[in-house]
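Subject: Structure handover

Hello,

Here is the structure we spoke about. Please open it first and keep it beside you while you read the notes below.

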Amino acid sequence: MLQQRTIDNDPAFESLLRKIRRERGLDCNQYKSAFLQRRLAVRLRARGVKSYRAYTRLLDDEEYDQLFDALTINLTHFFRDATTFVALRDRVLRPMLGLKAQQGRRQFRAWSAGCASGEEPYSLAILLHQMLGAQIEEWQIRILATDLDQRRLEQAQAGVYSPFSFRGTQWPDMDRFFVTTRHGHTIVPQVKRLVRFRRHDLIGEEPPGRFDLILCRNVLIYFTRLQQVRLCRAFHSALMPDGVLVLGKTEILPGEVAGLFEPVDLREHIYRSQ
Ligand SMILES: C[S@@+](CC[C@H](N)C(=O)[O-])C[C@H]1O[C@@H](n2cnc3c(N)ncnc32)[C@H](O)[C@@H]1O
């Protein structure tokens, strides 16, 4: 019965969304309805209930954790989409850092927006170490990494990873950035200190500063078109002149904001602020 019903205008569904918003401050309207419907169906099946009303009744702290896991699909890994990191290194960071060094402004600020458990911002920090070598000490580098999901942020802050976080990772010379113990692979302090983690809602809050580079990969896809447009405008206003935005491989810059950016690498979805 659930499958046949459309969620729009369903009072039980609306009431479930209101409860989530009231109790946890999450506005589910930010997600596309087909996506939301699919994810909720997974949780309803897992809990053996057949209606949104029944699910609303059993939604407690424990189930909230499960639901948020299902909604945010916060899977990530180190150097995800390696070709994007190659383009980022060769077409963005090399010229940008070169110019900054020439001008004697050795400062670099990046924002990993929707960082999940931290593999993305740490990959950027590793990349910067690999590029700058010992000269990194002369630089003031700050990578702000934010996410909505507090549990993922705690994992990120701990900086200890299982082999799962390296699945499919093809990036050279990474071993020296981790210490391996029986607990897992721990990110070394010189990489860790470049990254700060903080909870931030991309839909409900203003960008947390101004940046040379914003990575927002595999996050936009969960938002409605209107929210994608708003967010890209916010990213534009948060970028320094000539700052760069990187989206995920499956995400395209909405046409409404195309005039605000010029493509740096269309294949890798890298754009420069105009
Ligand atoms: C698939 S992960 C992307 C991780 C990483 N950027 C990557 O590409 O591998 C999506 C992340 O977006 C986060 N997210 C979803 N909605 C959000 C919101 N409104 N504000 C901030 N983060 C959000 C989720 O918690 C999740 O960690």
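A nitrogen atom of the ligand lies 2.9 Å from a backbone N or O atom of Leu 202. That is a polar contact, which is defined as a pair of N or O atoms within 3.5 Å; within protein, one atom must be able to donate a hydrogen and the other to accept it, and residues adjacent in sequence count only if both atoms are side-chain atoms. The protein covers 99% of the 600 Å² of accessible area that the ligand has on its own. Accessible areas come from the Shrake-Rupley method with a 1.4 Å probe, and for residues only the protein chains shown count as cover.

Before going further, note that this is a predicted model: local features need pLDDT of at least 70, side-chain atom pairs count only at pLDDT 80 or more, and totals for chains, interfaces and linings use all residues. Residues are numbered from 1 along each chain as its sequence is written, and side-chain values use heavy atoms, with hydrogens and water left out.

Asn 218 is in the loop between strand S7 (211–216) and helix H9 (225–238); helices (H or I, at least four residues) and strands (E, at least two) are DSSP runs, numbered from the N terminus. Asn 218 has a positive phi of about 60 degrees although it is not a glycine. Is Asn 218 buried or exposed? Asn 218 counts as buried because its relative accessibility is 14%; buried means under 20% relative accessible area, exposed over 50%, and partly exposed in between (1.4 Å probe, protein chains only).

Asp 81 also is not a glycine and has a positive phi, of about 55 degrees. Asp 81 sits in the loop between H4 and helix H5 (82–102) and is partly exposed, with a relative accessible area of 26%.

Helix H2 (residues 33–47) has 15 residues and reaches 21 Å from its first C-alpha to its last, close to the 21 Å expected at 1.5 Å a residue. The expected span is 1.5 Å times one less than the number of residues. Buried residues in H2 include Phe 35, Leu 36 and Leu 40. Just after H2, Gly 48 takes a positive phi of about 70 degrees.

Lastly, Glu 63 is in helix H4 (residues 61–72). Glu 63 is buried because its relative accessibility is 1%, and its side chain makes a polar contact of 3.0 Å with that of Arg 47.

Regards
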